[in-house]
Amino acid sequence: MSLLADLQNILDSEHVLTGEDAASYLKDWRGRYMGKALAVVRPSSVDDVVAIVKLCQQYDTPMVTQGGNTGLCGGATPSNKGDAVVILMTRLNKILNIDTENDTMTVEAGCLLQTVQEAAEQAGRLFPLSLASEGSCTIGGNLATNAGGTQVLRYGNARDLTLGLQVVTAEGEVWNGLRGLRKDNTGYDLRNLFIGSEGTLGIITAATLKLYPLPVAQVTALLAFEDIATGITILNRAKYGFGASLTGFELISSYCMENVRRGMPEIKMPFEPEKAPWYALIEISDAESAEHARQLFEKVIEQSFEAGELADAVIAESQQQSQSLWHIRESIPLVSARLGQEIKHDISVPISKMAEFVAVTNAQLQTLLPGVKHAVFGHLGDGNLHYNVGAPDGQEEGFLDNQKAVYKVVFDSVSAFGGSISAEHGIGQLKKDLLLDYKDEVELALMRKIKRALDPHALLNPGKVISSVERY
């Protein structure tokens, strides 16, 4: 018998993909990594996953878990060795339970994020994790990378929205931690160990998630202002004026606005991009009434105008207008892919240092590569920027060859300002070697010990996250 034959006995041959049938699962979403695999397998139950893991252990075969394959760091793409099995989780897609009295829902890892959101809404509840890829990413992938999104300011990352997990370990054992408890102080927090581990410590098969009341009303506005420091002033004013109602505060540079205008002319822009150097998309969710939300919103915006902080503002008059404003923000990554080569960074720094970080780093990059474009946008409310560097005009060809030098400038600056080189996209294979330069050595040593303890044969997603823990 062979591994492939044994896998076919477990899953039936139609769910053991090889050759051209497997090809689409061996390339990452951005097209930067192309791997090889013995097979792509599609389990439909926890028992299937257990059987696959035990077989891979028996045959000493690496495993790469994959959800919607929307990751940005190559974390779900196998290496070029061709010795791995890719475990595709999308058939584990059931909503297992919704408990509106406990405000929790339990779902399988292969559920699309959008499906989870819709199921919660049908039950009269909100699951607030929201990403541009929510129609194709899976909740298991969101948890494996500790996804962020646009509402972290109010609700937190995926980690903060999770109460319990079910995980298949490297030995094929099942940890059933699907407890809907908000207080459980009975030892080590295994849940948080697996969340954000990118499939290197175990395979998440299900999760118990937090739910919230659906907001009665939402108000969205696009604000125009002079600089990031002013944006931070407006953010603090909004935090004080709105309290817990403030759910989103997204920073957008005029360069990104101009890109959307050029790349998607069908989108109606509320301002000309040259209206101001910086913009913020701000949203509140109110539990009282639409009238109360509108009055509260207009009061804070009026205060900002009176203080001379705003050049202009557009407040959405309907749900459709609100969606149109969000569509501008969500289109930025899509447009950047169409218009030219960019070296992308998903970083975080303390909000209080954001303005200085951008000014200093922009200047350093202009010294390194005169004429580069600064495509800066992201979640100012939680200190997470997508700080992307575009090619100078006419120099798009070969621009990505500068990635190593650009990374050094940006990440050295991030480190100097007390930030992180990965805020919400994870490490994968893209940044695993960079951790050695920007992570504390004691912290790295502890991570290696955890990896060796939970995956002693280094079969779970090898070559990801921890570069110095390979198969041995």
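Contact here means heavy atoms within 4.5 Å, while helices (H or I, at least four residues) and strands (E, at least two) are DSSP runs, numbered from the N terminus. The model is predicted: local features need pLDDT of at least 70, side-chain atom pairs count only at pLDDT 80 or more, and totals for chains, interfaces and linings use all residues. Residues are numbered from 1 along each chain as its sequence is written, and side-chain values use heavy atoms, with hydrogens and water left out.

**Exercise 1. The whole protein**

Task: Describe the overall dimensions and content of the protein, and state how its radius of gyration stands against that of a compact globule.

Solution. 
- Step 1. The protein has 14 helices and 19 strands.
- Step 2. Its C-alpha trace spans about 75 × 55 × 45 Å along the principal axes.
- Step 3. The radius of gyration is taken over C-alpha atoms, and the globule rule is 2.2 Å times the number of residues to the power 0.38. For 472 residues a compact globule would come out near 23 Å, and the protein agrees, with 23 Å.
- Step 4. Buried means under 20% relative accessible area, exposed over 50%, and partly exposed in between (1.4 Å probe, protein chains only). Of the 472 residues, 52% count as buried.
- Step 5. Among contacts with a separation of 6 or more, 71% are between residues 24 or more positions apart.

**Exercise 2. One face of a helix**

Task: Find the buried residues of helix α8 (residues 254–263) and say what covers them.

Solution. 
- Step 1. The buried residues of α8 are Cys256, Met257, Asn259, Val260 and Gly263.
- Step 2. Seen down the axis of α8, these residues fall within an arc of 160°, so they line one face of the helix. The arc is that of the directions from the helix axis to the C-beta atoms.

**Exercise 3. Two helix pairs**

Task: Classify the crossing of α8 with α10 and of α1 with α2, and list the residues that meet.

Solution. 
- Step 1. Axes are lines fitted to C-alpha atoms, for helices over the stretch in contact, and angles run from 0 to 180 degrees between N-to-C directions. Angles under 35 degrees count as roughly parallel, over 145 as roughly antiparallel, 65 to 115 as roughly perpendicular and the rest as oblique.
- Step 2. The axes of α8 and α10 come within 9 Å and cross at roughly 70°. The two helices are therefore roughly perpendicular to each other.
- Step 3. On the α8 side the contact is made by Cys256, Met257, Asn259, Val260, Arg262 and Gly263, and on the α10 side by Ile328, Ser331, Ile332, Val335, Arg338 and Leu339.
- Step 4. Ala, Val, Leu, Ile, Met, Phe, Trp, Tyr, Cys and Pro count as nonpolar, Asp, Glu, Lys and Arg as charged, and the others, Gly among them, as polar. By these classes the contact of α8 with α10 has seven nonpolar, three polar and two charged residues.
- Step 5. Helices α1 (residues 3–11) and α2 (residues 46–58) have axes that come within 10 Å and cross at roughly 170°. That makes α1 roughly antiparallel to α2.
- Step 6. Leu3, Asp6, Leu7, Ile10 and Leu11 of α1 meet Asp48, Ala51, Ile52 and Leu55 of α2. This contact divides into seven nonpolar, no polar and two charged residues.

**Exercise 4. Single residues**

Solution. 
- Step 1. Beyond four places in sequence, the residues His386 touches include Arg329, His345, Asp346 and Glu424.
- Step 2. Apart from neighbours within four places in sequence, Arg237 contacts Val300, Gln303, Ser304, Ala307 and Glu309.
- Step 3. Asn69 has a positive phi of about 60° although it is not a glycine.
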